[in-house]
Amino acid sequence: MSFENKLDRPLLPETPRAILGEPIRETVILEGRDYFITRPDQSDKLLDDPTVRSNFALDEYMPYWADLWPGARMLGKSLLKEKSWPPGLKALEVGCGLGLPGIVALSLGMRVIFSDYDATALHFAAENARDNGFENFETLQMDWRFPPPDLKVPLLLASDLIYEMRNVGPLLQLIKKVLAPGGECLLTDQDRLPMNHFRESLANEGLSFTMQLVRAGEPGGRRSKGTLYRIKLP
């Protein structure tokens, strides 16, 4: 599969923290467990910032990391529903944003690398991990179109990343480059418009996958449904 990058080098932005407003700390309940997530309270105002507008003009970059998306809850629940994970399993969360799935993975005894384009997202993910009592993690600022050549992991975590058609190709190439032999990618999506293209592209790339209906939401609040993809190399 071919895809077109607008840039020939990584885009590694840093959303100015001064525009984020006062942080909000909330409790996320997944499968009876409490996780603490702090997020900006003015994510809707980020698009007014000149730095953000400049990055959008350069590569259509949007600071989606500042919201807690339903796909992150879905992926966290899916991780918790597994019967067991090997102790110390190394997991890479791609486009981690606020870091909820990676924090769930930490609570299950894994070693986690939080990765995101945006340095400020990594700051929030790291602080959230520490707020939940974890230190066994790394952070990696990474444009997923340009992963480090030596990066290999047995578990790849991704949530709510298929929001634009142009993301499909680079994401599949990342899976093929980063996933170790015998590894698995767990990806959740809210069944956005590119989903059919994504499924066709998985098959065209020779990646084996299964699909499972998943739901998640806030207690007493809005609930969302989507799909959990389990993707493996041939």
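The dialogue below goes through these topics for the structure shown.

Q: What is the mean pLDDT of the protein chain, and which share of its residues reaches 70 or more?
A: This is a predicted model, and confidence is therefore read per residue on a scale from 0 to 100. The mean pLDDT of the protein chain is 89, with 88% of the residues at 70 or more. Over residues 1-5, the pLDDT is below 50; in the model, this stretch has 10 contacts beyond near neighbours in sequence.

Q: How many residues of α2 are buried?
A: A residue counts as buried under 20% relative accessible area. In α2, 11 of the 12 residues are buried, and the helix is mostly covered. Among them are Pro 70, Arg 73, Lys 77 and Leu 80.

Q: How many residues of α5 are buried, and which elements cover them?
A: Helix α5 is also mostly covered, with 9 of its 11 residues buried. The buried residues include Val 168, Leu 171, Gln 173 and Val 178. Their cover includes the strands β3 (90-94), β6 (153-159), β7 (179-189) and β9 (223-232), together with helix α6 (195-204).

Q: Is Leu 171 buried or exposed, and which residues does Leu 171 touch?
A: Leu 171 lies in helix α5, residues 168-178. Its relative accessibility is 2%, so Leu 171 counts as buried. Leaving aside residues up to four places away in sequence, Leu 171 touches Trp 144, Leu 161, Ile 162 and Leu 187.

Q: What volume does the second largest pocket have, and which residues lie nearest its centre?
A: Rolling a probe the size of a water molecule over the atoms shows where empty space is left. The second largest pocket has a volume of about 250 Å³. Its lining consists of 13 residues, and Leu 68, Trp 69, Pro 70, Glu 218 and Arg 222 lie nearest the centre.

Q: Which elements supply the lining of the second largest pocket, and how do its residues divide?
A: Helix α2 (70-81) and strand β8 (208-217) each supply at least two lining residues. By type, the lining has 4 nonpolar, 3 polar and 6 charged residues.

Key:
Residues are numbered from 1 along each chain as its sequence is written. This is a predicted model: local features need pLDDT of at least 70, side-chain atom pairs count only at pLDDT 80 or more; totals for chains, interfaces and linings use all residues. Side-chain values use heavy atoms; hydrogens and water are left out. pLDDT is the predictor's confidence in each residue, from 0 to 100. Contact means heavy atoms within 4.5 Å. Helices (H or I, at least four residues) and strands (E, at least two) are DSSP runs, numbered from the N terminus. Buried means under 20% relative accessible area, exposed over 50%, partly exposed in between (1.4 Å probe, protein chains only). On a 1 Å grid over the protein atoms alone, a cavity is a set of points where a 1.4 Å probe fits but cannot get out, and a pocket is an open set with protein on both sides within 12 Å along at least five of seven lines; lining residues have an atom within 4 Å of a point. Grid points are joined across faces, edges and corners, and a volume is the space filled by probe spheres set on the points. Ala, Val, Leu, Ile, Met, Phe, Trp, Tyr, Cys and Pro count as nonpolar, Asp, Glu, Lys and Arg as charged, and the others, Gly among them, as polar.
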